[in-house]
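Biologist: Please take me through the structure that follows, beginning with the terms and then turning to particular sites.

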Amino acid sequence: MIAWLKRRHGPLTIIDRDLAADPVPHIDGAMARASLMPAADRGPAEHAALALSETLIDELEGADVVLISTPMHNFTVPSVLKAWIDHVVRPNRTFRSTPAGKIGLLADRPVLAVVSCGGPFHDGPGSQRDMMTPYLQYVFGSVGITQVEVVRMENMARGADFVARGFERLDAWTGSLAIRAA
Ligand SMILES: Cc1cc2nc3c(=O)[nH]c(=O)nc-3n(C[C@H](O)[C@H](O)[C@H](O)COP(=O)(O)O)c2cc1C
């Protein structure tokens, strides 16, 4: 995917957040309280509690394209990706709550998510429900990002043939992105 983006767009500045090697912590009470406070009332402790969230939001705001490469865990996002989401989906920073629901405050941009899954999703034995694709689309939508494209690489725990098929699917998906973006 990164090679494809480089071929298409030339030199890129890549911010690589490897959440497996360097997990972001779950949010805690101090962060949640600080996030709900009016910005003008925050002191040093609240700014410290929001520092990581600010860094992650700055990275997201600065990105022309967001590429997420992740396994599926229990039908949805792994908990460390959920922790990242909890830092970036923040009231009065990336969305505003209104009686009509959340209004996203970020500029729209493409989010490309490559999701590796151990099992299948087509009809048949062992087929599962995918909560992850609609969740990613919904949660990014809540901050104003609607261009969320997800490809599932299925059956990745079922041997080399399936892995090869998963990569074929990824290539076809990447090709379709190139056509759409052209
Ligand atoms: C805790 C855990 C939960 C998992 N849940 C699912 C699941 O719900 N559906 C699925 O298809 N695969 C599931 N898997 C399998 C992983 O998605 C699969 O092993 C993944 O594609 C491997 O990617 P990786 O080699 O990049 O880790 C799960 C794996 C783990 C460790």
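Modeller: A residue is called buried when its relative accessible area is under 20%, exposed when it is over 50%, and partly exposed in between, with a 1.4 Å probe and protein chains only. This is a predicted model, in which local features need pLDDT of at least 70 and side-chain atom pairs count only at pLDDT 80 or more, while totals for chains, interfaces and linings use all residues. Residues are numbered from 1 along each chain as its sequence is written, and side-chain values use heavy atoms, with hydrogens and water left out.

Biologist: Is Arg42 buried or exposed?

Modeller: Arg42 sits in the loop between α2 (29-36) and α3 (44-49), where helices (H or I, at least four residues) and strands (E, at least two) are DSSP runs numbered from the N terminus. The relative accessibility of Arg42 is 16%, so this residue counts as buried.

Biologist: Which backbone oxygen does the side chain of Arg42 reach at 2.8 Å?

Modeller: Leaving aside neighbours within four places in sequence, Arg42 is in contact (heavy atoms within 4.5 Å) with Ala34, Ser35, Met37, His47, Leu50 and Arg90. A polar contact is a pair of N or O atoms within 3.5 Å; within protein, one must be able to donate a hydrogen and the other to accept it, and residues adjacent in sequence count only if both atoms are side-chain atoms. A polar atom of the Arg42 side chain lies 3.4 Å from the backbone oxygen of Ser35. The backbone oxygen reached at 2.8 Å is that of Ala34.

Biologist: Which parts of the chain does the pair Asp58 and Arg93 tie together?

Modeller: A salt bridge is a side-chain nitrogen of Lys or Arg within 4 Å of a carboxyl oxygen of Asp or Glu, and the side chains of Asp58 and Arg93 form one at 3.4 Å, N to O. The two parts are 35 residues apart in sequence, because Asp58 belongs to helix α4 (residues 51-62) and Arg93 to the loop between α5 (79-88) and β2 (95-98).

Biologist: Which residues are linked with Asp58 and Arg93 in a network of salt bridges?

Modeller: Asp58 is partly exposed at 44% relative accessibility, whereas Arg93 is buried at 18%. The network that holds both also contains Glu54, Glu61 and Arg90.

Biologist: What is the relative accessible area of Asp130?

Modeller: Asp130 pairs with Arg152 in a salt bridge whose closest N and O atoms are 2.8 Å apart. Asp130 lies in the loop between β4 (110-116) and α6 (132-141) and Arg152 in strand β5 (residues 147-153), so the pair ties together parts 22 residues apart in sequence. Asp130 is buried, its relative accessible area being 16%.

Biologist: Which residue has a polar backbone atom 2.9 Å from a nitrogen atom of the ligand?

Modeller: Oxygen atoms of the ligand lie 2.8 Å from a backbone N or O atom of Met72 and 2.8 Å from a polar backbone atom of Gly119. The residue at 2.9 Å from the nitrogen atom is Gly118.
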